[in-house]
Amino acid sequence: MNMQFPPQLEEAQVHRDPVQPARQTFLKSPAGRWVLALLGLAAVALMVWLLVMKAQSRGPVAPPAGPPAVSVMVPGLVEVPEVVQATGTISARRDMPVGVVGEGGAVETIRAEAGQYVQKGQVLAEIDSAVQRAQLQQLRAGAEQARADARLARAELERAQKLVERGFVSRADIDRRQATLDAAEARVAVADAQVREMQERIGRLSIRAPEAGLVLERSVEPGQVVSPATGPLFRIAAGGALELRAEVAEQDMTALRVGEAVTVTPSGADRSVTGTIWLVEPVIDPARRLGVARISLPADPMLRVGGFARADIVGGTLMRPRVPQSAVLSDNEGSFVYVVGKDDKVVRRPVKIGPVSREGIAIREGLDGSERVVVSAGAFLRAGEVVTPVLRKD
């Protein structure tokens, strides 16, 4: 039986690729799979190589950088007040301790307090003197008895002298009566001296101010037993005069003069007072290299003994270089600035600073005002480095 196929099927069989079945067979075989894997690895390796070559390719090369630019200034010279700053403690100009000068005893009354102004000889405290006053009465009675004996001896001598002219009394008897009178008068003198001694001893039981002044401290209470070994019971600022004992750096001592005005500002105060240097001590502390200027202070309730204060001593004006605060650096060797030389190299220059103000820091030593001083960025520079100076115009 002859079977007839549709014309479309016959046409499809005519145009079928004879290689395609063989290719599919090869790809499904183990060798075909290995070929596909190797081609994939080769493609991945090629891609990785292209990425690495692109990453390693050098970009555009920048031109070499020049020396760093820094801001500099030529400070010149300006008129700067020569101000010496110092600190110290407020104290009495003459601090007078007052203690017991007599026998001592129990304190009976306190008549002065700290902060009170007292006059010379004013009673500050009284010590119980009951026993001494009883002894004084006894001595006064003995003195009266001695005076009575002396009066009797004088009367007997006078009567004897009248009788000696009549021959009733011998000359020797007159001499004995004279000696009796002399002895009686001597006993009177001794008794009077004992009375005065006891009066002085009682007077010393009243503790008095040796000078007029301000009572700074009272360290005794009623009922306390005191003696000369107790120590000071009161402290008095003689005349109420106070002073500031300002500690001044050794190199600044030569700039101080007696009579110069000083502005003193107590710690925590919102105002200042004007004092005067009355003594520049001639001794320098060898350990701290500090001297002391003693500055007299006016009477002011704001000032208290033992308080801390700052002193600004103006000693005239001088021509000094002045630089911004950012230009001055410091380390273990002291203060310094960086100066740019003619060869544009950075040079370290040690300096000694002077007064500090809003305008800057005055340089006392180390600069003459004609140098090119690095204004800022000094902390990032080092000596010998070459820079490009840029002059700052104020």
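**Close-up 1. Strand 3 pairs with strand 10.** Two strands count as paired if DSSP finds at least two bridges between them. In this predicted model, strand 3 is joined to strand 10 (residues 234-238) by 4 bridges. The two run antiparallel. P97 has R235 of strand 10 as its bridge partner.

Close-up 2. Strands of a sheet pair through backbone hydrogen bonds.

**Close-up 3. The aromatic pair of F336 and Y338.** The structure holds 1 aromatic pair. The ring centres of F336 and Y338 lie 5.5 Å apart, and the ring planes meet at 75 degrees, so the pair is edge-to-face. The cut-off for that label is over 60 degrees. F336 counts as buried, with 6% relative accessibility. Y338 is buried too, with a relative accessible area of 9%. Buried here means under 20%.

**Close-up 4. R348 over the ring of F336.** F336 also has a charged residue at its ring. R348 lies over the face of F336, 3.7 Å from the ring centre.

**Close-up 5. R93 over the ring of W278.** Here the ring belongs to a tryptophan, W278. The charged end of R93 sits over this ring. The distance to the ring centre is 4.0 Å.

**Close-up 6. A nonpolar patch on the surface.** L46, W49, L50 and M53 form this patch. Together they have about 430 Å² of accessible area. One of them, M53, is found in helix 3 (residues 30-56). M53 has a relative accessible area of 41%. That value lies between the cut-offs of 20% for buried and 50% for exposed, so M53 is partly exposed.

How values were computed: Residues are numbered from 1 along each chain as its sequence is written. This is a predicted model: local features need pLDDT of at least 70, side-chain atom pairs count only at pLDDT 80 or more; totals for chains, interfaces and linings use all residues. Side-chain values use heavy atoms; hydrogens and water are left out. Rings of Phe, Tyr and Trp (its six-membered ring) pair if their centres lie within 6.5 Å; planes under 30 degrees apart count as stacked, over 60 as edge-to-face and the rest as tilted. Buried means under 20% relative accessible area, exposed over 50%, partly exposed in between (1.4 Å probe, protein chains only). A charge sits over a ring if NZ of Lys or CZ of Arg is within 6 Å of the ring centre and within 35 degrees of the ring normal. Patches are made of residues with over 30% relative accessible area and no salt bridge: like charges are joined within 9 Å, nonpolar side chains (Val, Leu, Ile, Met, Phe, Trp, Tyr) within 5 Å. Accessible areas come from the Shrake-Rupley method with a 1.4 Å probe; for residues, only the protein chains shown count as cover. A salt bridge is a side-chain nitrogen of Lys or Arg within 4 Å of a carboxyl oxygen of Asp or Glu.
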